[in-house]
Amino acid sequence: TCNPFSCVRCSVGVGDCLSPKDWLAVQLVEGSGRCSGRVEVYFEGVWGTVCDDLWDEKAAQVVCRQLGCGLAVSAPGEAHVGRGSGPILLDNVQCSGSEAYLGQCSHAGWFAHNCGHREDAGVICSDWPQLQLVNGSGRCSGRLEVFYHGQWGRVCDDQWDMNEASVVCRQLSCGRALAAPAEAGFGEGKGKFLLDDVDCTGRESFLGQCPHAGWGLHNCGAGPALRLVNGPGRCAGRVEVSYQGTWGSVCGDGWGLNEAHVVCRQLGCGAAVSAPLGAHFGPGFGRIVLDNVRCSGDEGCLAQCAHNSCHCPDPTWLEVRLLNGTGRCSGRVEVLVQGTWGTVCDNLWDLAEATVVCHQLQCGQAVAAPTGAHFGAGSGQILLDDVQCVGSESNLGQCVHGGQAGLNCGHLEDAGVICAEGSPENQVMPAFLAPSTDAMSKGQACSH
């Protein structure tokens, strides 16, 4: 049997021991994370560097495998990630690439070298998880899936935004991120949720370098998406619920600690401390989607509580759609006023107004604000003119406009919008789906 005290490492459940000469502690330092950097090995109580003579991707692959960091991307030499300062312990390392540990590769011998620290070897690993985008128009758009412990699984959309999308596109060599659609924008996946609360800066090379809640730990798939905004962190703030692809707030009527307990439970935030009213965390924008929410406090998610839906309409909310374009994210702008759809005159229309429309429709960044009935002349009423937005509004109804007063337009002046998700390279972007009991798989769209 394997005696853990007779050797350095034991293969659990196998009964074989690795000899001390096979096992060699390795670390990567001064890189972007634990899976990239200058190679250092540990010998007789000292960490030292490795000379880059004969160093190649086969050796790098062994290091990545030993550290559990996926595949080797490159094996930079010449102190690419900085010069070390300790002893140079190894030189002329030669691996076949199939070894489990660097100590199984041949080398010139301990301390035997003809190098200086300007020749320190480095390694850059792909860093797990492996990624794929599925159900999109190609390999660079679709629902994000990650590979972990032999299975592909989904990523929950909590905190997902363009920072994470940028990292995914970079890791997949898919160019610049165009959008980060949530709420199963590319259809609902069927595997397990493997990641949640992924929080990247946007500068990482691989998604595995971003903090997250932990493998398999999530609060997704139970009712509509829920979030707390404008607070000091993700566990305090104004309650918002996603409804038909748009975030909206919750009326304070009947709101108390029982309801707060359910929200905290659904978000994995512990016990509720308080349930402040009166827009304590600032007024919301857009629709108020729930009213008179009544929970016992034992429910697993807010959707299980009694409530009145869409009871408190926001007077500034204005329904918007884009018609006659390549999809739902480009086309002629139309708004719904008192049950009637109509167009918008292009007087004063520019990228600021287009930005608000794209934001409201969750279509990414505004690419253009074409005028002169670029997407064809409409046939109904012209309902808005002289629209002026700052660009930070949540919906078009919050912008200053002249309504139909003093209207001086014809349909040859109908305004249009092209959003990033409706641009030619991404024109097959599917419509967002309404939330369901399992509709929070992450989506991705990259330029390529």
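**Disulfides in a predicted model**

Analyst: Let's start with one link: cysteine 200 and cysteine 210 are joined with 110 degrees about the S-S bond, which makes the link right-handed. Keep in mind that this is a predicted model, where local features need pLDDT of at least 70, side-chain atom pairs count only at pLDDT 80 or more, and totals for chains, interfaces and linings use all residues. Residues are numbered from 1 along each chain as its sequence is written, and side-chain values use heavy atoms, leaving out hydrogens and water.

User: What is the mean pLDDT of the protein chain?

Analyst: pLDDT is the predictor's confidence in each residue, from 0 to 100. Here 80% of the residues reach 70 or more, and the mean is 78.

User: Is the disulfide of cysteine 358 and cysteine 419 left-handed or right-handed?

Analyst: The sulfur atoms of this pair sit 2.1 Å apart. The torsion about their S-S bond is about -95 degrees, so the disulfide is left-handed.

User: Is cysteine 419 buried or exposed?

Analyst: Buried means under 20% relative accessible area, exposed over 50%, and partly exposed in between (1.4 Å probe, protein chains only). Cysteine 419 has a relative accessible area of 0%, so the answer is buried.

Terms used
A disulfide is a pair of cysteine sulfur atoms within 2.5 Å.
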